[in-house]
Amino acid sequence: MKLLDRYLQAVRGLLPKGQQDDIIQELSDAILSRMEDQEAELGRPLTEAEQETILNRYGSPMQVAGRYQTAQHSVAFGRQLIGPVLFPLYIKILLLNLAITIVVSGVAAVAFASHQPMLQTAMAMLSHFVFQFAIITGIFTLAQRSGDRFPWGWKSTAASRPTAKDERRIPRSQSIAELIVLVVFLPWLPTLPFYPRTIFGDGIALLRFGPGAQILLNAVFPLILLGVIRSCILLVRPRWVRFYWVMRLAATSASLVVLGLSLRTGEWIVLANPGGGDPAHKLAWLAEKLNRGAGFGLMAMLVGCAIVWAVELRRLVRLQFSGEEPGEGPSQDLAEPLHPQGRQA
Amino acid sequence: MDTDLFEHLRLELRRGCLILAVLVQLRAEHYGYTLRKALADQGLEIDEGTLYPLLRRLESQGLLVSEWREENKRNKRFYRLSPDGERILEQLLDEWQRINTSLNRILQEA
């Protein structure tokens with residue numbers, strides 16, 4: 001019943017934590033009973049196509065798991081756009097965005113309080129959030145439609161589930177996701193040195209990027225380019241696993257160097273006109289606070305980067321000397337065969 | 001539009017009836033698959049995707065109790081009505097009879 005196992009594994013990942021084993025075991029029994037009934041009717045084992053028909057009748061994993069969500073919240077305008085499975089994640093992402101928008105806008109409001117009316121700040125904050133809300137809702141709606149139409153959780157996996165040898169590959173979906181992030185969401189970063197007004201707004205007359213920030217911003221474009229090249233190549237050659245890890249290690253090493261240099265240089269925000277009299281004097285303390293915050297943030301990034309670097313190096317060394325292919329195959333969950341065991345309720 | 005509206009109203013009508021039918025049927029112990037077949041044999045088809053989450057919900061509400069047991073070399077989850085479930089079922093059946101009687105009276109008058 002390989003097909004059933006794949007189907008159940010796909011459902012499992014979407015079920016509420018803590019109830020997964022229980023639900024899967026019951027679901028497994030129900031589907032097996034139905035298949036056995038049909039086999040008894042036909043007097044022969046079911047073909048894979050017939051099994052698939054039965055599973056399709058159950059619905060896509062997202063639909064099946066959605067019925068088990070305790071909180072049946074969803075987003076609907078006439079028809080349902082985001083179902084109960086994706087809804088909790090959708091809300092978390094929205095809240096995270098809202099928090100980031102408030103923090104960033106709050107800092108900007110404090111920095112330029114005397115230059116930008118409160119109402120204008122509030123309107124800017126609101127417009128950012130509405131824009132983010134529209135984008136995030138659109139993405140989740142597409143994900144929901146895709147999950148409903150194509151049972152990607154199991155059918156596509158069934159078709160392309162890698163064998164032990166095939167696990168030595170980087171999934172194209174991963175390369176595409178990386179490309180989207182690199183090409184769609186990050187390209188504005190390298191433009192910041194040329195358009196500092198994007199960050200500072202009207203405060204450009206008072207504040208500038210300091211040498212520490214310049215180092216970071218100058219490094220962004222080559223790093224994005226490196227990532228784009230890596231993802232494009234892996235899209236065409238998904239089995240170049242060693243290349244993938246070498247490129248990742250190179251990118252992390254470069255990031256470490258850049259972060260180190262930036263930290264050593266310090267001063268990410270400086271006053272545009274230090275001798276500018278009263279306003280500049282008032283902003284000096286703010287620049288100092290921002291620099292201190294940036295310093296702590298970059299230090300944390302440096303530590304995180306160093307850990308990632310060590311992990312990547314270890315994987316590359318193991319790959320080189322033990323012949324192990326790390327790959328990006330199925331998760332542990334998917335790799336484990338399904339053996340529902342009895343459990344007393 | 002009419003079909004959608006009818007479907008929506010039909011589902012609404014069925015929802016409460018299904019709960020009642022499931023509770024009545026679980027006066028005797030069943031596991032999900034046999035329960036579904038028993039209901040279907042009585043002319044009440046219910047999709048597995050609806051039945052199993054419904055059983056869980058009724059259990060979490062204390063109306064059902066369940067137990068995993070092995071049958072035909074497979075572990076199955078057997079459900080039956082809890083003492084609370086029996087009490088509430090009696091109340092629901094009384095209500096159902098009242099509604100049914102009233103509805104019949106209304107239909108006759110119309």
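This is a predicted model: local features need pLDDT of at least 70, side-chain atom pairs count only at pLDDT 80 or more; totals for chains, interfaces and linings use all residues.

Reader: What makes β2(B) and β3(B) paired strands?

Author: Pairing asks for at least two bridges between two strands. Strand β2 (residues 64-71) of chain B is joined to β3(B) by eight bridges, and the two run antiparallel. One position to look at is B:Ser66, which stands opposite B:Tyr79 in β3(B). In the hairpin of β2(B) and β3(B), two residues lie between the strands, and B:Asn72 takes a positive phi near 50°.

Reader: How do you know that β1(B) pairs with β3(B)?

Author: The threshold is at least two bridges. Strand β1 (residues 30-31) of chain B and strand β3 (residues 74-81) of chain B have two bridges, in the antiparallel sense. That reaches the threshold, so β1(B) and β3(B) are a pair. B:His30 has B:Tyr79 as its bridge partner in β3(B).

Reader: Why are the buried residues of α2(B) said to line one face of the helix?

Author: Helix α2 (residues 32-41) of chain B has B:Gly32, B:Tyr33, B:Leu35 and B:Arg36 as its buried residues. Viewed down the axis of α2(B), they fall within an arc of 165°, so they line one face. Their cover includes α2 of chain A, together with α1, β1, α3 and β3 of chain B. After α2(B) comes B:Gly43, with a positive phi near 90°.

Reader: What makes the span of α11(A) close to the expected one?

Author: Helix α11 (residues 211-236) of chain A has 26 residues, for which 38 Å is expected at 1.5 Å a residue. From its first C-alpha to its last, α11(A) reaches 39 Å, which is close to that value.

Reader: Where is the kink in α11(A)?

Author: The kink lies at A:Val220, shortly before the proline A:Pro222, and is about 30°. The bend is the angle between axes fitted to the seven residues ending at a residue and the seven starting there.

Reader: How many residues of chain A are in contact with chain B?

Author: On chain A, 16 residues are in contact with 15 residues of chain B. Helix α2 (residues 20-42) of chain A gives the most to that side, with six residues. The side of chain A that touches chain B divides into seven nonpolar, five polar and four charged residues.

Notes
Residues are numbered from 1 along each chain as its sequence is written. Chains are lettered from A and ligands numbered from 1 in the order in which they are written. Helices (H or I, at least four residues) and strands (E, at least two) are DSSP runs, numbered from the N terminus. Two residues are in contact if their C-beta atoms, placed from the backbone, lie within 7 Å. Ala, Val, Leu, Ile, Met, Phe, Trp, Tyr, Cys and Pro count as nonpolar, Asp, Glu, Lys and Arg as charged, and the others, Gly among them, as polar. The expected span of a helix is 1.5 Å times one less than its number of residues. A residue is buried if 20 or more other C-beta atoms lie within 10 Å of its own, exposed if 12 or fewer, and partly exposed in between; C-beta atoms are placed from the backbone. The arc is that of the directions from the helix axis to the C-beta atoms.
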